[in-house]
Amino acid sequence: MGLIKLEKGQVLHKAGTDTVETIEVVVKGSLKISNQFTSIVLTVGGFVGIVETPGSTYKYNIEALEESSVYSYPFESEDDIPNVVRSNPKIAPILAAQSVEAAVKCCDVYEKEFEDATSEYDQIMTDYTDYPNLCIKVGEVPKNFPEIKEIIAPEKSDSINEWAFSFVRSLKQNEASLKKAFYPLSLDIATGVVMCTYNIYTNISKESQLLAEYRNTMKKKAAAFATTMKAIRAKLNDMENNNGLGEGSVTVVNALSTILQYSGVAPEIAMKFEEQISSFKALNNRYDSADEARALRRSLATTFYEVYTPAFLKSINDNNIPMELKMFFMFGFVDEELAGEQYTSALYNMAKSYVPDPEGKVVTCYEWLIKIYNLEVEPSRNEFDQDWPTYLREQKVSGQLNQVQVDLMTDDPTSRLNFEIHNLFALGNRMTFGRISSFVPVFDAQNVLRPLDMAYQTVSKVYEYYTKIREVDYGVFCRTALFSNPEIGITSLHYSEDITPYMILMPNVGSRASLWQEIEGKNRRTPARMLVSIFNTENTEECMIKLFGEFRWEMCKTEQGIHWNDVTDPSLTSMYCDYLQFYKKNSALSSDNKEKLRTDLKKYSNNYKNVFIADYLAYVKFEAAGSPRLNKVVREILFTFCPFAKELREKVADNPQYTELINHYNSRTGNLTKPVVNMINKLRKEDIPVPEPLMIQYEHLKK
């Protein structure tokens, strides 16, 4: 104990090694207190080691920045600190002022550390979000990093009080006056200021140490991902420096020949397809409305499927499908000149980096056809709304097939495949393209009206749209099912089950999304089948909302059957049809509302479904965001049958336009929840396992 002289750079105490037994007061020079992330500097009058714990090892390194001196005192507990002040009455005001300055520096350092930690977290999350798209650009298969999802954002502790920051900064701002007229008034005042600020910066120091531990843990969890991102960015920079072609890149040459040779089609079909592609490329205006151009596009589309089918059948048992064929199956790519060098490279990387949806709900058209071929799902309805069994029966009735042929074809993979290619693939491809008269199934650079990476619909993007719609209209994909188990006292329970639809990514650059069918056959508990271009050139969010609105309408019609527009049996479609049919007599509508409705009906050719879809878009996109776009009647119908999710309801609860609707909703839901809760409690009391449908309904009513 006593005076200790230090040379520049000399370490007074080393973190993790030396044991805390003393505290020091700087009497000459300056010392740096530091850890791996930050540091503060203490000058004459500053307490050194005051935030350390007596008996434990130092958490901070303490090093002289210049030739310095400190006076050392025993440190067994915080009760020793007032003794240090009282033993130095002449410099007590300086000790108080320096203690305030140390507290201010601790506050500044902590806020900087928290800001840095938040920035590091945000950067990791941003990189994690961008990672799949970057993989697509460089042609890498995205890896799974579950540890990244475990990282949570940094949060300030409740023990950090904002008033403490303001308090010590205010003391610092008024330092001159306080050193002159306040700190010297009494030794007890100086001691009190030292201890008050000590409590503040000790608390902040503890939080700073916890923040350092958080940052170390975050870096460890993100280490593997950071290494991967570094490699991805290096490869991306290499590609950009080499005009999109980095080291090891593969140049696609004679793709059409590769595709035709792989498919094994007859020479005459191969020659015809080559001639059609050549003629199509040679046209100055490929999408002209002239008869010659239209005839070429139609014949090209026909031949495309004649090549696609045998190529598909060969690929089923091929574990090494050429990349040109993967591009052909996924994007309709057939020719590198037609696609252009830039897009050919992009498509190559997209096909190379593609990872199937593990849930199997977001699939390319190629993957969907495999499901059909492997008898995993039934073929889709055709343009006459006939499913596979109905189509076969119709063919038998018309004399096209006999019973033996029908029996053979029912579960024949190739027959089912041909039916699906002729219907969902061929018709759905044309439909999602958006411009039916200009449709070609092959990838053409002239159709790319939006940056390809932005237009590309990945599995993760589609699931994001699913999440967004459920955050507004939580029951959009719910189906009503019946459960009964008289043995445990449940005679009849209607419950709502959320069934995620299939989203089939069609191999074209298009502008539309379409609902192909809302259920499979007559089973209402089967997923819907929705189509969207794998490259969507329009506002994809609006396309998806319209698609989900169309599903809402068609699903209600299916569930209601012949009563879908019968207002005596209230439903979404019946109430909406009644509203449109008799809007002129509706006293709840103003003259402006009626005029707008008249215009809308004219705009949508009196198609009630299309008017509904437009209103549903406004409901989900604008009304949910607090921007009113609908009249009172439509708002009530939509909220009754498509209520907002719980979090959104709480957000708009104070909005007068929704207050009454939410109150009615809560009352109605409460009446439905009570018997479900009573049933669950009764079963648990009797030690009977609660059936899953009962819990599904309980969770649904809580949303």
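A: Let's start with a term: contact means heavy atoms within 4.5 Å. This is a predicted model, where local features need pLDDT of at least 70, side-chain atom pairs count only at pLDDT 80 or more, and totals for chains, interfaces and linings use all residues. Residues are numbered from 1 along each chain as its sequence is written, and side-chain values use heavy atoms, with hydrogens and water left out.

Q: Which residues of H8 meet H9?

A: Helices (H or I, at least four residues) and strands (E, at least two) are DSSP runs, numbered from the N terminus. In H8, Ile269, Lys272, Phe273, Gln276, Ile277, Ser279 and Phe280 touch H9, where their partners are Leu296, Arg297, Ser299, Leu300, Thr303, Phe304, Glu306 and Val307.

Q: At what angle do H8 and H9 pack?

A: Two packed helices are described by the angle between their axes and the distance between the axes. Axes are lines fitted to C-alpha atoms, for helices over the stretch in contact, and angles run from 0 to 180 degrees between N-to-C directions. Here H8 (residues 267-282) and H9 (residues 291-315) pack at about 140°, their axes 10 Å apart. That makes H8 oblique to H9 (under 35 degrees is roughly parallel, over 145 roughly antiparallel, 65 to 115 roughly perpendicular, the rest oblique).

Q: And the sheet: in what order do the strands come?

A: Two strands pair if DSSP finds at least two bridges between them. Four strands make an open, antiparallel sheet, ordered S2-S7-S4-S5. S2 (11-13) and S5 (39-42) are at the edges with a single partner strand each, so one side of each has no neighbour in the sheet. Four bridges join S4 (residues 31-34) to S5; Lys32 has Val41 in S5 as its bridge partner.
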